[in-house]
Amino acid sequence: MEWTREKRYLPYSKWDAETLLDLQAQAANSPYQMHYHLHPTSGLVNDPNGFSFFNGAYHVFYQSYPFGAVHGLKSWVHFKSTDLVHWINLGLAVKPDTMADSHGAYSGSAKEINDKLFLMYTGNYRDENWVRTPYQIGAWMDKNGKVSDKTVLFKNPDHITEHFRDPQIIEENGIYYAILGAQDKAEKHGHIDVWKSLDLKDWEEVGFLDLGSEPMGYMIECPNIVKVDGKVVVIFCPQGLDKRIADYDDIYPDMYIIADDIDWENHKLINPSPLHNLDEGFDVYATQAFNAPDGTAYAISWVGLPDTTYPTDDENWANCLSQVKKLTIRDGQLIQTPVPSMKTLRRGEEKVPNKLIQTNAGGQYELELTIAANQMGTLHLAANSDLSQSLQVKFDTTKGQLTLDRKQAGKQVAVDYGTSRTLTLPKQEAVKLNIFVDHSLVEIFVNDGEQVLTGRFFTEPQDQLITFDQETEHEGTFWKMETIL
Ligand code: FRU
């Protein structure tokens with residue numbers, strides 16, 4: 001089936017119900033489907049949007065194209081939770097149903113204001129010559145989840161190209177600020193553009209956030225600012241960033257800066273750190289973070305990359321979201337940990353002291369391992385019986401190295417960007433790993449969230465052996481994880 005432009009942008013009402021049901025069945029019945037992470041009910045999902053707390057519950061939405069594994073006409077699908085782990089799907093919430101978002105309700109954010117949830121997002125509009133205008137739209141969601149009063153707030157100013165999107169709404173001392181990803185017309189570099197408003201109606205541009213003298217690639221997508229333990233953390237995706245400025249492996253990176261503070265009026269970070277990768281694995285992009293009413297910072301990521309195909313494209317669905325990660329700062333370093341309620345999904349605790357950990361892990365589990373100092377070897381996940389196929393976690397706790405290798409993990413993804421990711425550990429020290437597997441998704445939290453390795457993998461679904469390749473001094477616990485969706 002060929003995905004022509006006409007087909008990708010066909011209004012949802014023109015698709016018949018039977019096609020949608022078939023697509024839903026394909027997504028639901030796939031052995032690669034996730035069961036305790038947010039995932040598509042059909043078609044493709046990408047960025048998390050509108051991550052917020054409103055009316056006594058957490059809310060998150062995701063970008064969705066329900067009719068295939070392509071980036072077509074986007075909308076927002078709404079999920080609600082009281083513990084950031086058990087989510088209820090409330091269905092389509094922001095539809096591409098006005099002139100300003102006629103070619104997609106693109107990414108944005110949300111904030112509770114006066115008993116309603118204010119949504120701020122980019123309306124993707126294209127004219128008959130396919131020339132794009134990025135409209136920044138405000139809308140209101142009531143307590144019943146009904147979205148209304150969509151209003152265009154502003155569009156790209158003269159000095160910014162059509163690449164101007166993904167607003168995050170923030171309130172600081174009674175002033176509303178919005179930060180957006182932008183590309184300037186003069187040099188075609190990526191920026192975070194700051195806007196402000198007193199009433200959410202009249203908006204004025206404050207200027208580009210000062211990110212230093214080096215160009216931040218050709219475009220920044222999905223910028224977020226969040227407060228973490230008294231610091232300001234800026235999370236963003238600088239597309240086309242020169243690797244001499246900050247190294248990364250994926251097609252596009254998801255990075256962060258920690259600063260002591262932000263001076264909004266002068267659009268400056270106070271004492272900013274260098275750029276760091278948010279995730280040391282594969283496939284993490286468009287992370288969205290927010291501060292809950294008690295100040296806690298939470299983040300959730302798209303596990304999927306732009307301009308990348310995945311094996312489930314053949315089944316007409318693609319991608320998922322990460323679990324929610326709590327952000328803290330320890331010794332000046334950003335720490336990402338599972339939220340405490342993740343433990344409520346654990347079932348059937350089993351100590352795993354031996355080389356052989358599970359013969360049939362079942363695809364949906366958490367494995368907590370502490371590997372002693374001075375051990376070297378490979379942990380095979382999702383392995384077949386002769387270990388010729390598996391997702392490999394290679395460790396060397398003498399030199400201090402950990403590698404996630406998906407070269408022999410079945411169907412391959414984005415091999416041009418490398419099949420393994422390596423991170424550095426403290427030398428000659430034990431390492432603690434919390435490994436979450438959800439069928440074709442792995443998230444490894446290293447040393448209580450000092451580093452995280454996330455990635456998709458597509459081994460044969462029946463290959464469910466977990467074993468070390470040799471005797472390894474370790475302590476371990478295995479739990480099956482409950483299905484939430
Ligand atoms: C990032 C992104 C955003 C855009 C959205 C459209 O993945 O390209 O910049 O708003 O996806 O789905």
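This is a tour of a predicted model, one selection at a time.

Residue numbers start at 1 in each chain and follow the sequence as written. Because the model is predicted, local features need pLDDT of at least 70 and side-chain atom pairs count only at pLDDT 80 or more, while totals for chains, interfaces and linings use all residues.

**Whole chain**

The C-alpha trace spans about 65 × 55 × 40 Å along its principal axes. The radius of gyration is 22 Å, which agrees with the value near 23 Å that a compact globule of 485 residues would have. That radius is taken over C-alpha atoms, and the globule rule is 2.2 Å times the number of residues to the power 0.38.

Colour by burial next. Of the 485 residues, 49% are buried, where buried means that 20 or more other C-beta atoms lie within 10 Å of the residue's own; 12 or fewer makes a residue exposed, anything in between partly exposed, and C-beta atoms are placed from the backbone. Among contacts with a separation of 6 or more, 58% join residues 24 or more positions apart; a contact requires C-beta atoms, placed from the backbone, within 7 Å.

**Two annotated regions**

Select residues 37-338. An unreviewed UniProt entry annotates them as "domain: Glycosyl hydrolase family 32 N-terminal". This stretch is 0% helix and 57% strand, with its end C-alpha atoms 12 Å apart.

Then select residues 356-471, annotated in the unreviewed UniProt entry as "domain: Glycosyl hydrolase family 32 C-terminal". Here the chain is 0% helix and 51% strand, and the end C-alpha atoms are 9 Å apart. UniProt positions are given in the numbering used here, feature names are shortened, and annotations may be inferred rather than shown by experiment.

**Around the ligand**

Which residues are closest to the ligand? Select Gln63, Lys74, Tyr106, Ser107 and Glu221, the closest of the 13 residues that surround the ligand. Two or more shell residues come from each of β1 (43-54), β5 (105-113), β9 (160-172) and β13 (219-228).

The shell divides into four nonpolar, four polar and five charged residues. Ala, Val, Leu, Ile, Met, Phe, Trp, Tyr, Cys and Pro count as nonpolar, Asp, Glu, Lys and Arg as charged, and the others, Gly among them, as polar.

Stay on β9 and select aspartate 166, which is found in that strand. Aspartate 166 is not a glycine, yet its phi is positive, about 70 degrees. It counts as buried because it has 30 C-beta neighbours inside 10 Å.

Follow β13 into β14 (residues 231-239). The two strands run antiparallel and are joined by eight bridges; strands pair if DSSP finds at least two bridges between them. Valine 228 stands opposite lysine 231 in β14. Two residues separate the strands of this hairpin, and aspartate 229 in the turn has a positive phi of about 50 degrees.

Is β14 mostly covered or mostly uncovered? Strand β14 is mostly covered, with eight of its nine residues buried. β14 also pairs with β15 (residues 255-259), antiparallel and over five bridges. Phenylalanine 236 has methionine 255 in β15 as its bridge partner.

**An open sheet**

Select β4, β3, β2, β1 and β21, in that order. These five strands form an open sheet with mixed pairing. β4 (88-94) and β21 (317-318) stand at the edges with a single partner strand each, so one side of each has no neighbour in the sheet. Within the sheet, β1 runs antiparallel to β2 (residues 57-65), joined by seven bridges. Asparagine 49 is bridged to phenylalanine 61 in β2.

Move to aspartate 314, in the loop between β20 (297-303) and β21. Aspartate 314 is partly exposed, with 13 other C-beta atoms within 10 Å.

**Two last stops**

Select β7 (residues 132-141) and β8 (residues 147-154), an antiparallel pair with five bridges. Methionine 141 stands opposite valine 147 in β8. Five residues lie between the strands of this hairpin, including glycine 145, with a positive phi near 80 degrees.

Finish at alanine 286 in β19 (residues 284-291). Its phi is positive, near 55 degrees, in a residue other than glycine. Alanine 286 is buried, with 28 other C-beta atoms within 10 Å.

Definitions and conventions. Two residues are in contact if their C-beta atoms, placed from the backbone, lie within 7 Å. Helices (H or I, at least four residues) and strands (E, at least two) are DSSP runs, numbered from the N terminus. A residue is near a molecule or strand if its C-beta atom, placed from the backbone, lies within 6 Å of it.
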